[in-house]
Amino acid sequence: MKKTILIISSILFITPIYTYSAEKKISAINIINVKHFNTDDLLDIIHSQKKKTYEPRFVKLDKILLSNFYRKKGFLDIAVEDSVIFSRDRRKVEITYIINEGQRYYYAGVRFRGIKEIHGAALTKQFNGISLSSPFDESLINESVQKVENVYYNSGKPFVEMDVDYLYEQDSLIYVLLSIKENKTVYIKDIKYLGRKDVQKFLIRRELEFKKGDKYNREALDLSQKNIYSAGLFKYVRFEIEPIENEPDQVVLKIFVQEKNPRWIGVRFGIAYEQEEYYGNKFEFTLQGGHRNLFGTARSISLHLTPSLIYDFNENKLHNPNNKASLMFVEPWIGYTRTPGIFQIAYQQYRPLNSGHFDLWYTSFGVRHNFKKYIDLSGAISAKLVDNLSDVEIDSTIISQSEADKSQVYSITFYGKRDKRKNVFNPANSSYADLRLAFSFSY
């Protein structure tokens with residue numbers, strides 16, 4: 001008996017499907033239901049732009065930007081919706097933002113509840129930057145509330161509790177109600193230094209603007225943290241207070257630090273072009289290194305070596321017109337005050353192509369002290385010795401004419417600065433003044 005076997009084979013063809021996503025361009029942007037503002041001004045606020053690529057995430061961002069703008073203008077109930085319509089070929093997009101402005105609110109004043117030890121006038125003063133009957137701006141309110149907190153923090157009350165509420169009157173007026181639980185005034189009973197390795201404890205202690213037994217003051221803590229950072233010994237500084245059990249008015253202040261490596265080495269490289277004939281394309285690099293904590297005393301010493309090289313493409317020669325070497329020593333405290341003194345000695349070797357060759361020795365000692373937040377005074381004495389090694393005249397474009405003509409120059413300088421600018425880039429209602437005096441004697 002024969003058996004017949006029928007073999008059926010099938011071939012599966014897999015056809016790749018390619019999808020093409022065309023870049024969608026914004027054909028139009030509409031903002032509707034606007035009553036109080038110019039539509040063009042609102043278009044300047046949003047991120048999406050006509051004829052630019054459509055990005056869904058930008059639409060979400062635009063709604064936030066529009067809402068924030070309205071809220072700063074007193075429209076606390078603002079609601080922004082969006083409508084996105086694609087063209088038939090899905091290459092163009094029309095975006096519409098629907099504005100529901102709601103009621104506009106105005107600032108009516110501030111009221112306090114629960115204050116006992118801090119006078120109300122001192123707290124009300126923190127809201128003076130907000131004009132009565134001005135559009136209610138929550139960002140300004142939050143800034144003023146933070147200022148009230150700072151009053152308490154700087155008065156020995158780091159555990160103050162505050163709750164902000166709004167009181168609505170006459171439909172459009174809002175009073176800010178600040179409920180305050182002052183809690184205990186606390187004092188710093190002890191100070192602990194954590195994380196130290198090579199830095200001695202007294203180096204941190206002398207940078208503090210407070211001592212054991214003082215009332216807690218956050219402004220003093222912030223300034224102390226800045227002082228410790230300015231010593232240049234630490235990568236990280238943090239303050240933390242710890243309550244003491246059974247002593248509600250006493251705390252332990254913990255100072256956490258992370259030290260920098262006391263030894264350091266650096267390299268800098270630069271390219272410059274100078275128009276004088278004896279220069280041209282100049283390559284300059286600096287090798288520098290030092291120790292920032294000699295013998296654990298925060299004194300520092302550093303050495304800087306700076307050779308300059310010029311390649312003459314016409315003659316295919318490498319020239320070395322200038323070499324500098326300087327040694328610097330810094331004493332951070334003079335006379336038990338935060339007055340750094342800087343002693344420097346430097347040597348410069350000048351070998352320009354079209355000028356007299358000479359060596360320049362320089363030494364100086366200077367001090368600087370900050371008397372207040374905005375007053376700086378500094379002074380220095382210095383000496384320069386110029387050794388002309390050739391009969392060729394020294395070009396005064398290399399060093400000043402007074403130095404080029406003299407072999408010894410001694411000087412005393414004084415500089416004072418009074419800077420009360422709140423913002424360097426927008427110095428409104430500010431002042432800046434400085435004075436420089438110098439006396440020199442030369443051979």
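The model is a predicted one. The chain has 443 residues, and 33% of them are buried. Its secondary structure comes to 7 helices and 18 strands, and a search of the whole structure turns up 18 salt bridges.

**The chain as a whole**

**Salt bridges, pair by pair**

Here is the general idea to keep in mind as you look at the pairs.

- Side chains of opposite charge can pair when their charged atoms come close.

*E117 and K157*

- The side chains of E117 and K157 form a salt bridge, with 3.2 Å from N to O.
- E117 sits in the loop between β4 (106-113) and α3 (120-124), while K157 sits in the loop between α4 (138-153) and β5 (161-169), so this pair ties together parts that are 40 residues apart in sequence.
- Are these two partners buried or exposed? E117 counts as exposed because its relative accessibility is 54%, above the 50% cut-off.
- K157 has a relative accessible area of 1%, so K157 is buried.

*K254 and E242*

- A salt bridge also links the side chains of K254 and E242, at 2.7 Å from N to O.
- K254 belongs to strand β9 (residues 247-259) and E242 to strand β8 (residues 234-244), so the pair ties together parts that are 12 residues apart in sequence.
- K254 counts as buried because its relative accessibility is 16%, under the 20% cut-off.
- E242 has a relative accessibility of 32%, so E242 counts as partly exposed.

*K417 and D376*

- The side chains of K417 and D376 meet in a salt bridge of 3.8 Å, again from N to O.
- K417 is part of strand β17 (residues 408-419) and D376 is part of strand β16, so the pair ties together parts that are 41 residues apart in sequence.
- K417 is partly exposed, with a relative accessible area of 22%, whereas D376 is buried at 13%.

**A positive patch on the surface**

- Which residues gather in a patch of positive charge on the surface? They are K372, R418, K420 and K422.
- Where does K372 lie? You can find K372 in the loop between β15 (358-370) and β16 (375-388).
- K372 has a relative accessible area of 48%, so K372 is partly exposed.

- Y432 is found in strand β18, which covers residues 432-442.
- The relative accessible area of Y432 is 39%, so this residue counts as partly exposed.
- Setting aside its neighbours within four places in sequence, Y432 is in contact with Y415, K417, R418, D419 and R421.
- One of these contacts, K417, is the salt-bridge partner of D376.
- Another contact, R418, belongs to the positive patch.
- Y432 and R418 are 14 residues apart along the chain, and their C-alpha atoms are separated by 5.8 Å.

Note on methods:
Residues are numbered from 1 along each chain as its sequence is written. This is a predicted model: local features need pLDDT of at least 70, side-chain atom pairs count only at pLDDT 80 or more; totals for chains, interfaces and linings use all residues. Side-chain values use heavy atoms; hydrogens and water are left out. Patches are made of residues with over 30% relative accessible area and no salt bridge: like charges are joined within 9 Å, nonpolar side chains (Val, Leu, Ile, Met, Phe, Trp, Tyr) within 5 Å. Accessible areas come from the Shrake-Rupley method with a 1.4 Å probe; for residues, only the protein chains shown count as cover. A salt bridge is a side-chain nitrogen of Lys or Arg within 4 Å of a carboxyl oxygen of Asp or Glu. Lys and Arg count as positive and Asp and Glu as negative; His and the chain ends are not counted. The place of a charge is taken as NZ of Lys, CZ of Arg, CG of Asp or CD of Glu. Helices (H or I, at least four residues) and strands (E, at least two) are DSSP runs, numbered from the N terminus. Buried means under 20% relative accessible area, exposed over 50%, partly exposed in between (1.4 Å probe, protein chains only). Contact means heavy atoms within 4.5 Å.
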